[in-house]
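Trainee: I would like to go through the helix packing in this protein. Could we take it step by step?

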Amino acid sequence: MENAFERLAQAVASWAGRPVAFALALTTIVLWLISGPVFGWSDTWQLVINTGTTIITFLMVFLIQNAQNRDASAIQSKLDELIRAIDGARNEFIGIEHRTQSELERIRHSMEAEFGVDASHAETIDRLLDRR
């Protein structure tokens, strides 16, 4: 069942990010708006779109979150492999994504302090930003 859900989640997330999905959603909204006068702008007419969008949003949250979790895990595994494979890289960084947010902040501050920020690096970053 897990594999079927993951395949469904990946397919829906992939499809939902395409222009055709946006066009379908936009067309639905336009048709709903056009039908307003036919139904006298009734409460039922409004309830149809509210209920439909709520249900779709609720389900999409879970499907897209599953796809994002899979992507994040795959990227993290690739980064861990790069750390492992590069001589001189610190293997202690493998798995730090499981640390708390405050621990990650301390690690980041420690890395910035260890690396140091000097004028030459700031100038390089400024040049990169100026390329836009």
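This is a predicted model: local features need pLDDT of at least 70, side-chain atom pairs count only at pLDDT 80 or more; totals for chains, interfaces and linings use all residues.

Mentor: Residues are numbered from 1 along each chain as its sequence is written, and side-chain values use heavy atoms, with hydrogens and water left out.

Trainee: How are α2 and α3 oriented to each other?

Mentor: Helices here are DSSP runs (H or I, at least four residues; strands are E, at least two), numbered from the N terminus. Helix α2 spans residues 19–35 and helix α3 residues 43–85, and their axes are 11 Å apart at an angle of about 170 degrees. Axes are lines fitted to C-alpha atoms over the stretch in contact, and angles run from 0 to 180 degrees between N-to-C directions. Angles under 35 degrees count as roughly parallel, over 145 as roughly antiparallel, 65 to 115 as roughly perpendicular and the rest as oblique, so α2 and α3 are roughly antiparallel.

Trainee: Which residues of α3 make the contact with α2?

Mentor: Contact means heavy atoms within 4.5 Å. On the α2 side are Ile29, Trp32, Leu33 and Ser35, and they meet α3 at Trp45, Gln46 and Ile49.

Trainee: How are α1 and α3 oriented to each other?

Mentor: Helix α1 covers residues 2–16, and its axis lies 8 Å from that of α3, at an angle of about 100 degrees. The two helices are therefore roughly perpendicular.
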